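Please read the notes below with the sequence and the model side by side. They are set out as numbered points, so that each can be checked in turn.

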Amino acid sequence: MERRLRTAAAAGVSALAAAPLGAETTLPDKLAGHGGPIKSVTVSLDGSHVLTASFDYALIYWDVSRSAPELVHRLRGHGGAANDAAFVPGHNAAVSVGDDGTLILWDLGTGDPLGAVASDPVKMLDVDVAPGGRLAAAAAWDGTVRLYDLDALAETARLPHRANVNAVAFSADGGTLYSAANNGQITEWEIASRRAVRPVHSHGWGVNSIAMLPGNRLAFGGLDGSFGVIDLDSDSIQDIASSERPILTVRASADGALVGFGDGAGEVAVFTTASGALLERGAVTYGPVWDFDFIPGTQSIYHVGLDDFAALWRISPRDFEPIKAELPRRSLILYCLYPGEL
């Protein structure tokens, strides 16, 4: 398996080393190809490719370097909804997790799985890969964080929480991991010892998403609609904004200059990380924003939710075009009737 990952790395050097997209690049307005709502969207560091993970059990690897998107590969292998995906740094590869409790390592050159680790059949919501590209962490709903060696393609540890884990994020040097759980606790873990260092923050409400920021800071979004930034050196907390609905996703731009959240009411808000000043805020879709990601070299994001496509939103200058969705969508009707079951 290690040989396969090295092969994927060699094949992907040129693809991921291209210059970032320029601000004037024409980006596709819509990435349509899934058979159901989309749970996550992740943009490559050069902005040329996108990964989407869907309730249709599949992922799609997109080329967005031209105005017409290209569906490069449809990645099939999960036995349940695909909840999240992450690119593997230094490799032409990605990892994904889903409701089936499986982590899959994908060769993005061929679209084939390099292998999978099937653990207990428990929902895993979030996955992150350490900067070195060898270690992955997944947030599981059995009260653990799962650690994986991607070279050996094996689970190496389970870090225990007292509640279901919603989100994970590695530090910039990969030596520390942060995890957030349904009980509101954000925990700091030392990777070398696999031990909890301390509880960073006890929020009181569930924490749904976290993101690392420059200056050893961590942004978080809560079930109560709170959005804040923790200074990990002093443990001080800056309250940035709030929402009337739960914050479902928190994202930082690749250069660390911007941070934002998406909420359960279809809103996205974007702030500067230096001061916490609001750059733009607005409704981008009907229903929840389950995820979004910044497109490097542009003032735009791709966002996903109940629609079966990822949509572009131009942050600045703000795109005032109507929300691009046909109404009523079947998934929107189901969400309104059974919001806790989607």
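**Notes on strands, core and rings**

1. Leu 31 stands opposite Ala 310 in β28. Strand β1 (residues 30-32) and β28 pair in the antiparallel sense over three bridges, where two strands pair if DSSP finds at least two bridges between them. Strands (E, at least two residues) are DSSP runs, numbered from the N terminus.

2. Before going further, please keep in mind that this is a predicted model, in which local features need pLDDT of at least 70 and side-chain atom pairs count only at pLDDT 80 or more, while totals for chains, interfaces and linings use all residues. Residues are numbered from 1 along each chain as its sequence is written, and side-chain values use heavy atoms, with hydrogens and water left out.

3. Strand β28 (residues 309-314) is largely enclosed by the rest of the structure, because five of its six residues are buried. Here buried means under 20% relative accessible area, exposed means over 50%, and partly exposed lies in between (1.4 Å probe, protein chains only). β28 also forms a hairpin with β27, with three residues between the two strands, and four bridges join this antiparallel pair.

4. His 303 has its place in strand β27 (residues 300-305) and stands opposite Ala 311 in β28. Is His 303 buried or exposed? At 5% relative accessibility, His 303 counts as buried. Leaving aside neighbours within four places in sequence, the residues in contact with His 303 (heavy atoms within 4.5 Å) include Val 41, Val 284, Asp 291, Phe 309 and Trp 313.

5. In the same way of counting, Lys 123 lies over the face of Trp 141, at 5.5 Å from the ring centre. A charge sits over a ring if NZ of Lys or CZ of Arg is within 6 Å of the ring centre and within 35 degrees of the ring normal.

6. How many aromatic pairs are there? Rings of Phe, Tyr and Trp (its six-membered ring) pair if their centres lie within 6.5 Å, and planes under 30 degrees apart count as stacked, over 60 as edge-to-face and the rest as tilted. By this rule the count comes to six. One of the pairs is Phe 55 with Trp 290, whose centres are 5.4 Å apart and whose planes stand at 50°, so the pair is tilted. Phe 55 lies in the loop between β3 (49-54) and β4 (58-63) and Trp 290 in strand β26 (residues 289-294), so the pair ties together parts that are 235 residues apart in sequence. Phe 55 is partly exposed, with a relative accessible area of 25%, whereas Trp 290 counts as buried at 11%.

7. Four strands form an open, antiparallel sheet in the order β6-β7-β8-β9. Its edge strands, each pairing on one side only, are β6 (82-87) and β9 (112-118). Five bridges join β6 to strand β7 (residues 93-98), and the bridge partner of Ala 86 in β7 is Val 95.

8. Val 95 is also among the residues with the most contacts inside the largest nonpolar core, which has 19 residues. Such a core is a set of buried Ala, Val, Leu, Ile, Met, Phe, Trp, Tyr and Cys residues joined through side-chain atoms within 4.5 Å. At least two core residues come from each of β7, β8 (102-107), β9, β10 (124-129) and β11 (135-140).
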